[in-house]
Amino acid sequence: MLHIKYRPQSFSDMIGNKETVEGVKSLISSKERPHTYLLHGPSGCGKTSLSRIMSREFGCHQNEIVEINISNNRGIDTARDIIDKTKLRPLYGPCRVYILDEVHKSTNEFQNALLKVLEEPPEHIYFILCTTEPDKLIKTVRNRCSTFSISPLSDKSIVRALEEVCKKESLTVDSELLKTIAKESLGSMRSALVMLDQIKDLKGDISEIIASVGIVTEENKTVIELCRRLATPKVKWKSIAIVLKNLEEDPEKVRRAVLGYFSNILLNEDNPYVASVIECFEEPFYNSGKAGLIKACYMAIKF
Ligand SMILES: Nc1ncnc2c1ncn2[C@@H]1O[C@H](COP(=O)(O)OP(=O)(O)OP(=O)(O)O)[C@@H](O)[C@H]1O
Ligand SMILES: [Mg+2]
């Protein structure tokens with residue numbers, strides 16, 4: 001998966017957020033560097049990546065980087081467990097880093113319990129708290145952290161990064177398509193790479209490719225709406241018919257977009273209904289035109 005393969009490994013790999021990266025770099029290279037950090041910003045813009053890079057800069061051994069997803073471990077027991085373990089010296093290397101992901105999902109008890117250790121962690125312990133919603137943390141936790149904000153990436157830097165990935169992967173992807181992906185990903189590099197992964201092997205008309213991954217542009221709004229309704233369990237024919245009435249695109253084009261959309265779903269889940277929709281849209285509509293499209297939709301939802 002591209003978003004895993006292209007996780008930044010060093011400060012210089014981080015796209016965008018130059019000021020934050022420089023700030024982090026200079027703070028952690030200072031002699032009296034803090035042991036407690038808070039990174040906040042939207043999903044997919046580099047919080048976990050930056051945390052791991054920081055951990056390595058601290059000299060932390062891979063085996064001593066402890067990542068805890070707080071949304072699954074929200075309570076006081078997790079806090080107590082962390083506090084107990086901070087007393088143990090690392091087995092490998094000089095320090096241990098706790099990366100607490102989605103830390104805003106923790107309970108108030110959790111946050112209060114951690115206050116003391118966040119304020120004065122043992123010499124061999126670092127904490128990096130990551131969150132998309134810093135306002136949900138109690139103030140006393142926030143006050144104890146050196147805080148950095150990570151911003152969504154600009155469309156331009158996402159396009160540039162995607163071009164770079166395409167080059168490394170020997171992919172030829174239309175530049176208009178890269179721009180659309182960047183726009184759709186709303187600043188998240190992860191979303192952009194996931195989308196690139198989905199479309200990278202598709203060939204053909206750009207608007208069809210875009211529709212096949214469910215990206216809604218002004219041009220393919222109705223087609224996507226049709227796909228979504230077809231994918232809704234037990235959908236009523238009336239709801240499909242309304243969209244079909246408004247559909248002006250070439251039926252053959254719609255057919256291919258539907259195929260792309262549903263094969264994408266099937267690649268991600270075992271779903272006999274989705275397979276049956278694909279079957280209904282297998283035959284081209286060259287001779288039957290819109291009637292063929294209407295019939296295929298009808299057959300699909302009667303499965
Ligand atoms: N600033 C960035 N520079 C380069 N790649 C990035 C950047 N941000 C995100 N990515 C890409 O997106 C992937 C996910 O990023 P990361 O896990 O760091 O995001 P996150 O901010 O922790 O998201 P979440 O809030 O969902 O946990 C990375 O593996 C990498 O491929
Ligand atoms: Mg993360």
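Mentor: The C-alpha centres of domain 1 and domain 2 lie 30 Å apart. An automatic or database domain assignment sets the bounds, dividing the protein chain into domain 1 (17–149), domain 2 (154–201) and domain 3 (205–303). The model is predicted, with local features needing pLDDT of at least 70 and side-chain atom pairs counting only at pLDDT 80 or more, while totals for chains, interfaces and linings use all residues. Residues are numbered from 1 along each chain as its sequence is written, chains are lettered from A and ligands numbered from 1 in the order in which they are written, and side-chain values use heavy atoms, leaving out hydrogens and water.

Helices H11 (residues 221–230) and H12 (residues 237–246) pack at about 165 degrees, their axes 10 Å apart (helices are DSSP runs of H or I, at least four residues, numbered from the N terminus; axes are lines fitted to C-alpha atoms over the stretch in contact, with angles from 0 to 180 degrees between N-to-C directions). H11 is therefore roughly antiparallel to H12 (an angle over 145 degrees). In H11, Thr222, Glu225, Leu226, Arg229 and Leu230 meet Ser239, Ile240, Val243, Leu244 and Asn246 of H12 (heavy atoms within 4.5 Å).

Helices H13 (residues 251–268) and H14 (residues 272–280) pack at about 155 degrees, with axes 9 Å apart. That angle makes H13 roughly antiparallel to H14. From H13, Val258, Leu259, Phe262, Ser263, Ile265 and Leu266 meet Val274, Ala275, Val277 and Ile278 in H14.

Terms used:
Helix = DSSP H or I, 4+ residues; strand = E, 2+ residues; numbered from the N terminus. Parallel < 35°, antiparallel > 145°, perpendicular 65-115°, else oblique.
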